[in-house]
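Biologist: Could you bring up the model and walk me through it? I'm new to this one, so please take it slowly.

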Amino acid sequence: VDLGSVDDIDRLRLVILRLTRRIRTHANTGITPSQMAVLATIIRQGRVTVGQIAEIEHVQPPSVSKIVGTLEKIGYVERSVDPDDRRCAPLVATPAGLAYADEVRAAGRTWLAERLEGLDVIDVAAVEQALPALERLLGARS
């Protein structure tokens, strides 16, 4: 695939990284990006195990266990009981975790909406048209 040049690929990478960092900064999460990613995965997936999170996030289970431990301590996630397998303790987000994630998303959404308002109509349309391709890019094999 030829995006045009190596410079174009580098520009795309840099824009994505900087946008992510700025959204994160303006969302003022108070927890690490990894912790926020795990919390978001738990919210999105519902009842999920440490192993499943590790697979989804492409990280090692011990790393996920450490992150989950921190999220449990601050009250954003809790372990539930699996009635079919008592050895398994799927994770679920607590009401505090759900509320926190909503606040973070709203802050990031507000910042991004304000930035989009500063663009002209043609640029906004170009961003909208690029969304499906960017979503496919995210879903591409890594």
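Biologist: Which side chain does Arg79 meet in a salt bridge?

Modeller: The partner of Arg79 is Glu72, and the N to O distance in this salt bridge is 3.2 Å. Please keep in mind that this is a predicted model, and that the distance is computed from its atoms.

Biologist: And how exposed are Arg79 and Glu72?

Modeller: Arg79 has a relative accessibility of 41%, so it counts as partly exposed. Glu72 is partly exposed too, with a relative accessible area of 27%.

Biologist: How many salt bridges does the count come to?

Modeller: The count comes to three. Besides the pair of Arg79 and Glu72, there is a salt bridge between Asp102 and Arg105, with 2.6 Å from N to O, and one between Arg11 and Asp8, whose closest N and O atoms are 3.6 Å apart.

Biologist: Where do Asp102 and Arg105 lie?

Modeller: Both of them belong to helix α5, where they are three residues apart, which is about one turn of the helix. Asp102 is partly exposed, with a relative accessible area of 44%, and Arg105 is also partly exposed, at 37%.

Biologist: What about Arg11 and Asp8, how are they separated in helix α1?

Modeller: Arg11 and Asp8 are separated by about one helical turn, because they are three residues apart in helix α1. Arg11 counts as exposed because its relative accessibility is 57%, a value over the 50% cut-off. Asp8, on the other hand, has a relative accessible area of 25%, so it is partly exposed.

Biologist: How far apart are Arg105 and Asp8 in sequence and in space?

Modeller: They are 97 residues apart in sequence, and their C-alpha atoms are 29 Å apart in space.

Biologist: OK, changing topic to the surface. Which residues gather in the patch of positive charge?

Modeller: The patch of positive charge on the surface gathers Arg18, Arg21, Arg22, Arg24 and Arg115. Helix α1, which covers residues 6-27, gives the largest share of this patch, with four residues. Arg18 is in helix α1, and it counts as partly exposed because its relative accessibility is 42%.

Biologist: Which residues make the nonpolar surface patch?

Modeller: That patch, of about 420 Å², is made by Val15, Leu19, Leu112, Leu116, Leu119 and Val127. Leu119 is found in the loop between α5 and α6, the latter spanning 121-139, and it is partly exposed because its relative accessible area is 36%.

Biologist: Let's look inside then. Is Thr41 buried or exposed?

Modeller: Thr41 is buried, because its relative accessible area is 0%, which is under the 20% cut-off. You will find Thr41 in helix α2, residues 33-45, and if residues up to four places away in sequence are not counted, Thr41 touches Ile53, Ile56 and Glu57.

Biologist: What share of the chain is buried?

Modeller: Of the 142 residues in the chain, 23% are buried. The accessible surface of the chain comes to about 10,300 Å², and 56% of that surface belongs to carbon and sulfur atoms.

Biologist: Now the overall layout. How many helices and strands are there in the chain?

Modeller: The chain has six helices and two strands, and from the N terminus on these elements run α-α-α-α-β-β-α-α. Taken along the principal axes, the C-alpha atoms of the chain fill a box of roughly 55 × 35 × 20 Å. Among the contacts with a separation of 6 or more, 53% are between residues 24 or more positions apart.

Biologist: What can you say about phi of His58?

Modeller: Phi of His58 is near 60 degrees, which is a positive value in a residue other than glycine. His58 lies in the loop between α3 (50-57) and α4 (61-73), and it is exposed because its relative accessible area is 63%, over the 50% cut-off.

Biologist: Last one: how far apart are the mean positions of the positive and negative charges?

Modeller: The chain has 18 positive and 19 negative charges, and the mean positions of these two sets are 6 Å apart.

Conventions: Residues are numbered from 1 along each chain as its sequence is written. This is a predicted model: local features need pLDDT of at least 70, side-chain atom pairs count only at pLDDT 80 or more; totals for chains, interfaces and linings use all residues. Side-chain values use heavy atoms; hydrogens and water are left out. Patches are made of residues with over 30% relative accessible area and no salt bridge: like charges are joined within 9 Å, nonpolar side chains (Val, Leu, Ile, Met, Phe, Trp, Tyr) within 5 Å. Accessible areas come from the Shrake-Rupley method with a 1.4 Å probe; for residues, only the protein chains shown count as cover. A salt bridge is a side-chain nitrogen of Lys or Arg within 4 Å of a carboxyl oxygen of Asp or Glu. Lys and Arg count as positive and Asp and Glu as negative; His and the chain ends are not counted. The place of a charge is taken as NZ of Lys, CZ of Arg, CG of Asp or CD of Glu. Buried means under 20% relative accessible area, exposed over 50%, partly exposed in between (1.4 Å probe, protein chains only). Contact means heavy atoms within 4.5 Å.
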